[in-house]
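Let's take a walk through a protein together. Have a look at the sequence and the structure, and then we'll go through them piece by piece.

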Amino acid sequence: MSDPLDDAGIVIVDDDDDFLDEAKRLFDGRVPTVRSIADAQRGVEEGSVDLVMLGPSFAHEAGLKGVGVLLEIDPDLAIVMVAGTITAPLLRSAMRAGLKDVIEAPLTVQSVGDAVGQIERTVRRPRPAAPPPEPYAAPAGEGKVVAVMSAKGGSGKTVTATNLAMLLAQRHDPARVCIVDADLQFGDVCLVLQLEPRLTMVNAAHELHRLDEPLLESLLTPHPSGLRVLAAPLEPAFADEISTAAMTEIITKLRGMFDYVIVDTASLLDELLLSLLERADQVLYVLDMDLPSVKNAKLALETLRILNYPATKIKLVLNRSNSKARLDVDEIERSLRLPISASVPSDGLLPASVNEGIPIVESHPKSKPARAFEDVTRIVMEARQSPQDEQKKRRFGR
Ligand SMILES: Nc1ncnc2c1ncn2[C@@H]1O[C@H](COP(=O)(O)OP(=O)(O)OP(=O)(O)O)[C@@H](O)[C@H]1O
Ligand SMILES: [Mg+2]
């Protein structure tokens, strides 16, 4: 088999002699090295370069200024940077400048090979001699989209969504489950799952015009369990870059790639949430056992009722169900005109599991909250098996 590096069209750029010498030694002189962006430009203009690998001397915001020229010549060009230390600001500057990835120094044959593999999957232009990309095995049918919502912050949406996704991964197939963090400003799915995403839905939104399944797959962050995560923007300011239309399109694509797409949301009954609900096959409404939470749930559900949203899609999950709030469960059900489908007790193990980054269904599978999340998972899996639910769409109050 031929070495993919031989045909990858790579050029390594840096003005540091030691780095260039090391790169030459590492690749036996097979990968050309140049000292400046201007030198690399020639190869890009000629069409002989597909991947520019910038050395550590570019690893700062000002160093990245020149790369725009290369991308203007060839918008499909892949630029990757090697950095001594990868910090969040550096990653952000790199993504803003249009780089495809930042890899940690020292340069190794493996890291360059990985970068080439990633770029071959994500760059559309085919290289004639490159090995054919892995065919993507599309599933039969469409996956189920489950939105987790609440009209009050802190009620337990993220713990519900993450534990549900973990259990679906365990019970079904980890490679067929994806969780989307649609809390665009303060999403913390990755934090709760102890993941450090390098790519997020911002990249997906930027690449929307050519977002095919392999490209979208490459933007997902894998959890050690096999479950995939589409991470929220890394900082609140980037939330504006995700339009409702982009999010809708991304969810539609994910539905074609996974059997279950769990969507964690923000506590805002806005256009984005309504549009997510419209696409959801099922909605888990997480309700805290306190008066403001019940009041907000009543208002939110009333709004959905006015919009003629099918009540059968909504399942109420009562969180902190054993709290001493002196609220009567029957009264809550009467007030919300929906039954409570699952109850999660208050338990100190839950905040501990969040802080550890290990969902409670993994760290304490026999605990009461973990068993409650099993009930939630059963509801989601059962409903998937009964599509006639859709046909008998009972509407609110009718
Ligand atoms: N049943 C519970 N028992 C104890 N603590 C809980 C329980 N449910 C949630 N918590 C804690 O409450 C906090 C908020 O939970 P979570 O982040 O899931 O809420 P959220 O609805 O996603 O919040 P936000 O609106 O900020 O996104 C977390 O620290 C979590 O550990
Ligand atoms: Mg949350």
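How far does a backbone N or O atom of proline 351 lie from an oxygen atom of ligand 1? The distance is 3.4 Å. Keep in mind that this is a predicted model, so every value here is computed from it.

**Around the ligand**

| Residue (backbone atom) | Ligand 1 atom | Distance |
|---|---|---|
| Glycine 154 | oxygen | 2.9 Å |
| Aspartate 347 | nitrogen | 3.0 Å |
| Proline 351 | oxygen | 3.4 Å |

On its own, ligand 1 would expose 630 Å², and the protein buries 80% of that area. If you're wondering which elements give two or more residues to the shell, they are H6 and helix H14, which covers 349-356. The shell has 17 residues, and the closest are Lys157, Thr158, Val159, Asn319 and Arg320. Sort the shell by class and you get eight polar, five nonpolar and four charged residues.

**A closer look at asparagine 163**

Helix H6 spans residues 157-171, and asparagine 163 sits in it. Is asparagine 163 buried or exposed? Its relative accessibility is 1%, so asparagine 163 counts as buried, the cut-off being under 20%. Its side chain reaches the backbone nitrogen of isoleucine 360, at 3.1 Å. Leaving out residues up to four places away in sequence, asparagine 163 touches Leu350, Pro359, Ile360, Val361 and Phe373.

**The nonpolar cores**

Now for the nonpolar residues. The largest nonpolar core is made up of 77 residues, and Val52, Leu54 and Leu254 have the most contacts inside it. Helix H10, residues 244-257, gives the most to this core: six residues. Take leucine 54: beyond its neighbours within four places in sequence, its contacts include Val13, Ile37, Leu64 and Val67. Also on that list are Ile79, Val80, Met81, Val82 and Leu99. Apart from this core lies another one, with 36 residues, including Val146, Leu195, Leu284 and Met381.

**The whole chain**

Let's zoom out. The protein chain has 398 residues, and 52% of them count as buried. Of the contacts with a separation of 6 or more, 75% are between residues 24 or more positions apart. Finally, the accessible surface of the chain is about 18,400 Å², and carbon and sulfur atoms account for 52% of that.

Definitions and conventions
Residues are numbered from 1 along each chain as its sequence is written. Chains are lettered from A and ligands numbered from 1 in the order in which they are written. This is a predicted model: local features need pLDDT of at least 70, side-chain atom pairs count only at pLDDT 80 or more; totals for chains, interfaces and linings use all residues. Side-chain values use heavy atoms; hydrogens and water are left out. Helices (H or I, at least four residues) and strands (E, at least two) are DSSP runs, numbered from the N terminus. Buried means under 20% relative accessible area, exposed over 50%, partly exposed in between (1.4 Å probe, protein chains only). A polar contact is a pair of N or O atoms within 3.5 Å; within protein, one must be able to donate a hydrogen and the other to accept it, and residues adjacent in sequence count only if both atoms are side-chain atoms. Contact means heavy atoms within 4.5 Å. A nonpolar core is a set of buried Ala, Val, Leu, Ile, Met, Phe, Trp, Tyr and Cys residues joined through side-chain atoms within 4.5 Å. A residue is near a molecule or strand if one of its heavy atoms lies within 4 Å of it. Accessible areas come from the Shrake-Rupley method with a 1.4 Å probe; for residues, only the protein chains shown count as cover. Ala, Val, Leu, Ile, Met, Phe, Trp, Tyr, Cys and Pro count as nonpolar, Asp, Glu, Lys and Arg as charged, and the others, Gly among them, as polar.
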